[in-house]
Amino acid sequence: METGKNSELFKQVMGNYPTGVTVVTTITKEGAPIGLTVNSFASVSLDPLLILWSIDKRVSTYEEFISTDKFAVHILAENQGDICSLFASKGIDRFANCKWKLSNNKLPIIEDVSSVLQCKTFKTVDAGDHTILIGEIIDIQSEMKEPLLYHKRRFGKIPTSFYD
């Protein structure tokens, strides 16, 4: 398969696939909170409770995320487009610009999200230019707010007509 041409088509196809939006956070070995916006998130198993997400190997916090033993996945609420953009931005102190606290599991937890899944790292899998992180859920918090959606490089809420 021709990589260059097909990678552009692949981006278009995946951009047309609506997903939810998450922010994944952890603490560095030095104790600093780090996080990034992620839409490559999925459930894996009910027994044990497992989820997965993937990280680009070129991300500045790549080494910290693949070497951590725990992380938190925040499912953003429909009104949190600002948090999505904040954690997708480069060169700023993301945590200085949002409300968050440290959990009992010593993970940075962003406030007012729909749900948070705190996980211990179960397995990492090399996958091309990304690494897949599989987490075993150790704590679930949920407000069951409507989720933020991502489609064609834009984010927004579920239209009310979806439920008609």
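Reply: Charged pairs and their surroundings

K120 and E136 form a salt bridge through their side chains, with 4.0 Å from N to O; the term denotes a side-chain nitrogen of Lys or Arg within 4 Å of a carboxyl oxygen of Asp or Glu. K120 belongs to strand β9 and E136 to strand β10, so this contact ties together parts that are 16 residues apart in sequence. Helices (H or I, at least four residues) and strands (E, at least two) are DSSP runs numbered from the N terminus.

The model is predicted, so local features need pLDDT of at least 70 and side-chain atom pairs count only at pLDDT 80 or more, whereas totals for chains, interfaces and linings use all residues. Residues are numbered from 1 along each chain as its sequence is written, and side-chain values use heavy atoms, with hydrogens and water left out.

Both partners of this pair fall in the intermediate accessibility class. K120 has a relative accessible area of 41% and is therefore partly exposed; E136, at 22%, is partly exposed as well. The classes are buried (under 20% relative accessible area), exposed (over 50%) and partly exposed in between, for a 1.4 Å probe and protein chains only.

In total the structure holds four salt bridges. Side chains of opposite charge can pair when their charged atoms come close. Another of these pairs joins D126 to K57, whose closest N and O atoms are 2.3 Å apart. D126 lies in strand β9, while K57 sits in the loop between β5 and α2 (62–67), so the contact ties together parts that are 69 residues apart in sequence. With a relative accessible area of 58%, D126 counts as exposed. K57, at 31%, is partly exposed. Strand β9 thus carries K120 of the pair described above and D126 of this one.

A further pair is made by D56 and R58, whose side chains meet at 2.6 Å from N to O. The two partners fall into separate accessibility classes. D56, at 17% relative accessibility, is buried, whereas R58, at 67%, is exposed.

The largest pocket has a volume of about 1700 Å³. It is lined by 45 residues, and D56 is among those closest to its centre, together with T37, N39, H130 and Y150. Two or more lining residues come from each of α1 (3–15), β3 (33–38), β5 (49–56) and α3 (81–88). The greatest contribution is that of α1, with eight residues. Here a pocket is an open set of points on a 1 Å grid over the protein atoms alone, where a 1.4 Å probe fits, with protein on both sides within 12 Å along at least five of seven lines; lining residues have an atom within 4 Å of a point. Points are joined across faces, edges and corners, and a volume is the space filled by probe spheres set on them.

Strands β9 and β10, which hold K120 and E136 respectively, contribute to another space. The second largest pocket holds about 250 Å³. Its lining comprises 14 residues, and K101, I109, I110, Q141 and E143 lie nearest the centre. At least two lining residues come from each of β7 (100–102), β8 (108–110), β9 (115–127) and β10 (130–142).

Most residues other than glycine have a negative phi, and most peptide bonds are trans. K106, in the loop between β7 and β8, has a positive phi near 60°. At 54% relative accessibility, K106 is exposed. M144, in the loop between β10 and β11 (149–151), likewise has a positive phi, near 55°. Its relative accessibility of 67% makes M144 exposed.

E64 is partly exposed, with a relative accessible area of 31%. The C-alpha atoms of E64 and D82 are separated by 24 Å, the two residues being 18 apart along the chain.
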